[in-house]
Amino acid sequence: MSKHFKSRTMLVAAVLALAATGADAAADIAHIFWKDLRPATQAVAEDANLPMIAAKLPDHGETLSTNLQDKEVQIAGYALPVDRDGDLVYQFLLVPWTGACSHMPTPPPNQIVLVTPAHPYKMAEAYQPVSVTGVLKPGMEKSQLFILDGVLIVQSGYTVRKAEVANVDTVPDAVTLPVNSPWNFLNKKKN
């Protein structure tokens with residue numbers, strides 16, 4: 001066998017092995033929904049009024065799901081910047097509805113994910129629908145948000161660091177906002 005043929009064969013084998021590893025890694029990503037982050041006994045929000053307000057929950061929404069701990073997950077939600085410079089976002093809260101934390105009820109901690117992108121994420125607008133992929137870590141963390149009417153401290157129940165972030169058109173399990181919500185314009189499809 002010629003040296004040239006042998007090195008080409010090894011190169012093809014290496015590429016195929018790498019492709020197979022990438023396919024296995026993609027298969028290991030759990031595509032989750034917001035309901036997966038709360039205990040099964042906690043009621044599902046039918047709209048942003050009830051029962052997702054943390055103060056109305058017996059545990060204040062601090063009971064976290066450990067089933068997904070240290071697993072690579074993908075979840076879609078709305079990005080609310082925590083640390084940004086212009087349109088580059090270095091950290092954000094992923095929430096299940098638009099307007100959360102700003103003129104709308106704050107979700108309980110088990111419905112908020114603190115996300116640190118692997119690379120600064122260019123965000124066109126607050127509450128932009130995104131998909132986040134990364135390793136989910138349960139654990140309470142507090143973030144300070146600067147919103148129109150002051151500073152707000154928000155507690156998140158999960159973190160995803162070094163996350164891959166991608167724009168999405170819709171959030172499949174988004175909580176429906178009340179008709180009179182000032183944030184309804186964010187849910188309308190842009191032409």
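Which residue in β6 is the bridge partner of Gly77? The legends below take up this question and others for a predicted model.

**View 1. Strand β2 beside strand β6.** The bridge partner of Gly77 in β6 is Val130. This pair belongs to two strands that run antiparallel, β2 (residues 72-85) and β6 (residues 128-147), and eight bridges join them.

**View 2. The hairpin of β2 and β3.** Strand β3 covers residues 88-95 and pairs with β2 in the antiparallel sense, over seven bridges. Within this pairing, Phe92 in β3 is the bridge partner of Pro81. The two strands form a hairpin with two residues between them, and in the turn Gly86 has a positive phi of about 65°.

View 3. Strand β1, which consists of residues 30-31, is joined to β2 by two bridges, and here the two strands run parallel. Ala30 stands opposite Val73, a residue of β2.

**View 4. Ala79 and its surroundings.** Ala79 lies in strand β2, and it counts as buried because its relative accessibility is 0%, where buried means under 20%. When neighbours within four places in sequence are left aside, the residues in contact with Ala79 include Phe92, Leu93 and Leu94, and also Met123, Ala126, Tyr127, Gln128 and Val130.

**View 5. Ala79 and Val89.** These two residues are 10 residues apart along the chain, and their C-alpha atoms are separated by 9.7 Å. Ala79 belongs to β2, while β3 spans residues 88-95.

Methods:
Residues are numbered from 1 along each chain as its sequence is written. This is a predicted model: local features need pLDDT of at least 70, side-chain atom pairs count only at pLDDT 80 or more; totals for chains, interfaces and linings use all residues. Side-chain values use heavy atoms; hydrogens and water are left out. Helices (H or I, at least four residues) and strands (E, at least two) are DSSP runs, numbered from the N terminus. Buried means under 20% relative accessible area, exposed over 50%, partly exposed in between (1.4 Å probe, protein chains only). Contact means heavy atoms within 4.5 Å. Two strands pair if DSSP finds at least two bridges between them.
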